[in-house]
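Please read the points below with the sequence and the structure open. They are set out by topic.

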Amino acid sequence: MSTNNNDASQRRGFLKALGIGGAAAAAAGVAEAAGPIRADAVPAGTARKENAADRTKARYQANSPGVQAFYRTNRYGG
């Protein structure tokens, strides 16, 4: 009789795990439906605000070491 009881408890454990897995999958689907989370998202209170001078300044510097290394590495004529 103990073997039959052990089989029943194992079956219940399996079904319980199946139910928990299904609930987790459903929760993941709901979270994905809400929209993907962006890696570069910054909370509004901590975001750095740009002023007019920051928005209009030149950002690309052709003679910077990083740009020179890029063109040298990739053998572009520059």
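1. The accessible surface of the protein chain is about 7200 Å², and carbon and sulfur atoms hold 58% of that area. Areas come from the Shrake-Rupley method with a 1.4 Å probe, and for residues only the protein chains shown count as cover. Of the 78 residues, 3% count as buried (under 20% relative accessible area; exposed is over 50%, and partly exposed lies in between, with a 1.4 Å probe and protein chains only).

2. This is a predicted model, in which local features need pLDDT of at least 70 and side-chain atom pairs count only at pLDDT 80 or more, while totals for chains, interfaces and linings use all residues. Residues are numbered from 1 along each chain as its sequence is written, and side-chain values use heavy atoms, with hydrogens and water left out.

3. The mean pLDDT of the protein chain is 76, and 68% of its residues reach 70 or more (pLDDT is the predictor's confidence in each residue, from 0 to 100). Where pLDDT is low, the predicted coordinates should not be read in detail.

4. The chain has 3 helices and 0 strands, in the order α-α-α along the sequence. Helices (H or I, at least four residues) and strands (E, at least two) are DSSP runs, numbered from the N terminus.

5. Phe-14, Leu-15 and Leu-18 make a nonpolar surface patch of about 330 Å². Patch members have over 30% relative accessible area and no salt bridge; like charges are joined within 9 Å, and nonpolar side chains (Val, Leu, Ile, Met, Phe, Trp, Tyr) within 5 Å. A salt bridge here is a side-chain nitrogen of Lys or Arg within 4 Å of a carboxyl oxygen of Asp or Glu. Leu-18 belongs to helix H1 (residues 2-33) and is partly exposed at 48% relative accessible area.

6. The structure holds 1 aromatic pair. The ring centres of Phe-70 and Tyr-71 are 5.3 Å apart and their planes lie at 85°, so the pair is edge-to-face (rings of Phe, Tyr and Trp, its six-membered ring, pair with centres within 6.5 Å; planes under 30 degrees apart are stacked, over 60 edge-to-face, the rest tilted). Phe-70 is partly exposed at 43% relative accessibility, as is Tyr-71 at 32%.

7. Tyr-60 sits in the loop between helix H2 (52-56) and helix H3 (65-74). Tyr-60 is exposed, at 56% relative accessibility. Leaving aside neighbours within four places in sequence, Tyr-60 is in contact (heavy atoms within 4.5 Å) with Val-67 and Tyr-71.
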